Amino acid sequence: MTHARYTRVGLAGLGLIVSLSLVACGGSAPAAQVPEGTTVQPSTTPGGTGLATNAQGQQFAVTDESTSGETSNRPKMNASALQAYNAGLTAFQAGDLAGAKTQFTAATQADANAYQAYYSRGVVEQRLGDRSGALADYRKAISIVADYEPAITAYGLLLAASGKVSEADSFLTEYQGKLPKSAAVTGALAEVKSLQGNSADAQRLAQEALKKNPDYRPAMVTMARDFYRTGKYDLALYTLQGILDGFGPENPARDKDNASAHLLRGLIYKRQSQRKAAIDAFNAALALRPDLVEARLQLATYLLESGNAAEAAQLLEGALRYDKDNLLAHLNLGDAYRLLGKTAEAIKELEGVLAKDPTIAQAHYDLGLIYLFSEKVPGLSPVQAIDKAIVELSTYQKMKPRSGAGTAPDDTDELLTRAKSKKAVIEATAAEQAAAKPAPAASSAAPAASSAAPAASGAAPPPLKGGQ
């Protein structure tokens, strides 16, 4: 029995909220998906495709042309490098980040001026948690093409995501001066201002980016995201409607396949307790961008709440292929494995979470459920498992606030009582079984002695060896 009744006790205290900072690659054309198996020639011409990233390292395919309307002389990747680069794109689409990094590295080795490969390797390194490596590769791409907006904006937003918001502001402000016509750089600076809590400048800069390039869709999403951050959900939804749905035949959708916009709308619907609308929005985002980790996490949470652990586990396993160190994904995957009866796998996930962040109380709660309700815990007797359940639940109880705004109902007292009762029953049963077990006979050796007597007296003795 997996006891699906016990799932999430409340995740508000984790603080694992996506920042939703977006950087577009190139930018004046609509976001375009790269079909699996398709080869792509990075190019300075309109329609050329490259990789893009946000502050969480998420990638999508968009045009690689400049948002300023001006193009610089950019080196074209040689054939050998291009082959490795395309192999890297394919590996990334499959969630094989290590393979993608290997291929992008091969591209840089085949062509020292393969600036897209340096940038794309930086994106993968960012996903893998190597921020210094990512920053170095973004810098390398910029050193080859000084106005390469994807690397410039990615560098600035990674600084912001690393907590260096002021440094990010300074960096992007410097490049705004160098590239005054760039909608991408101005849009990225708007995102940083929003992260700083400066909504007025964020909205102003996003509008400025749209004046520079009226079709620059990421700036529209930045405006909606800033409204979301400041709790202006109606304005955010209105902006997203213009992006995703439009306002009639005369004002059609600006970018109906914008996965980040769908994700943001899902987050707003979730805040408004519109469950079905939120799920639909998250599914739309994930259909467009299978690498969107946040969409996977949100959908998996809904699935766990409904007891659908199997589908939740698939989503979370996919999330970890794109973000292997995502603690919320590991935490929820541990819970999914618990519900599926995969006890050893669940314990491994949850203990891994606590090893990286001992302050996550939810992991102790989930471990307590595993030790309390699992039919068998590898390496532990029933009493040992119950003892560990009591320890984990007691730890959770000490760590989690007992009351106050935003705290979820707490059933820890009930579970601890249940654990102690279960332990008492197990121990009482063991004592009864020990008492009922027949005592060994006092003369157990006597029958063996008497049974040997006839052979010694009445039966023929064993044959003697020669000469005896």
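Start with Asp201, which forms a salt bridge with Arg204, the closest N and O atoms being 3.5 Å apart; a salt bridge here is a side-chain nitrogen of Lys or Arg within 4 Å of a carboxyl oxygen of Asp or Glu. Both residues sit in helix H8 (residues 199-212), three residues apart, about one turn of the helix. Helices are DSSP runs of H or I, at least four residues, numbered from the N terminus. Asp201 counts as partly exposed because its relative accessibility is 23%, and Arg204 gets the same label at 44%. The scale runs like this: buried is under 20% relative accessible area, exposed is over 50%, and partly exposed lies in between (1.4 Å probe, protein chains only).

A quick word on what you're looking at: this is a predicted model, where local features need pLDDT of at least 70, side-chain atom pairs count only at pLDDT 80 or more, and totals for chains, interfaces and linings use all residues. Residues are numbered from 1 along each chain as its sequence is written, and side-chain values use heavy atoms, with hydrogens and water left out.

Across the whole structure, a search turns up 23 salt bridges. One of them pairs Glu191 with Arg225, with 2.7 Å between the closest N and O atoms. Glu191 lies in helix H7 and Arg225 in helix H9 (residues 217-229), so this pair ties together parts that are 34 residues apart in sequence. Glu191 also meets Arg229 in a salt bridge (2.8 Å, N to O), again linking helix H7 to helix H9, here 38 residues apart. Glu191 is buried because its relative accessibility is 0%, whereas Arg229, at 27%, is partly exposed.

With 1% relative accessibility, Ser182 is buried. Its side chain makes a polar contact of 2.6 Å with the side chain of Glu149 (N or O atoms within 3.5 Å; within protein, one able to donate a hydrogen and the other to accept it, with residues adjacent in sequence counting only if both atoms are side-chain atoms). The Ser182 side chain also reaches the backbone nitrogen of Val185 at 3.1 Å.

How far can you trust all this? The mean pLDDT (the predictor's confidence in each residue, from 0 to 100) is 83, and 78% of residues reach 70 or more. Over residues 7-62, though, the pLDDT is below 50. Where pLDDT is low, the predicted coordinates should not be read in detail.

Key. Contact = heavy atoms within 4.5 Å. Helix = DSSP H or I, 4+ residues; strand = E, 2+ residues; numbered from the N terminus.
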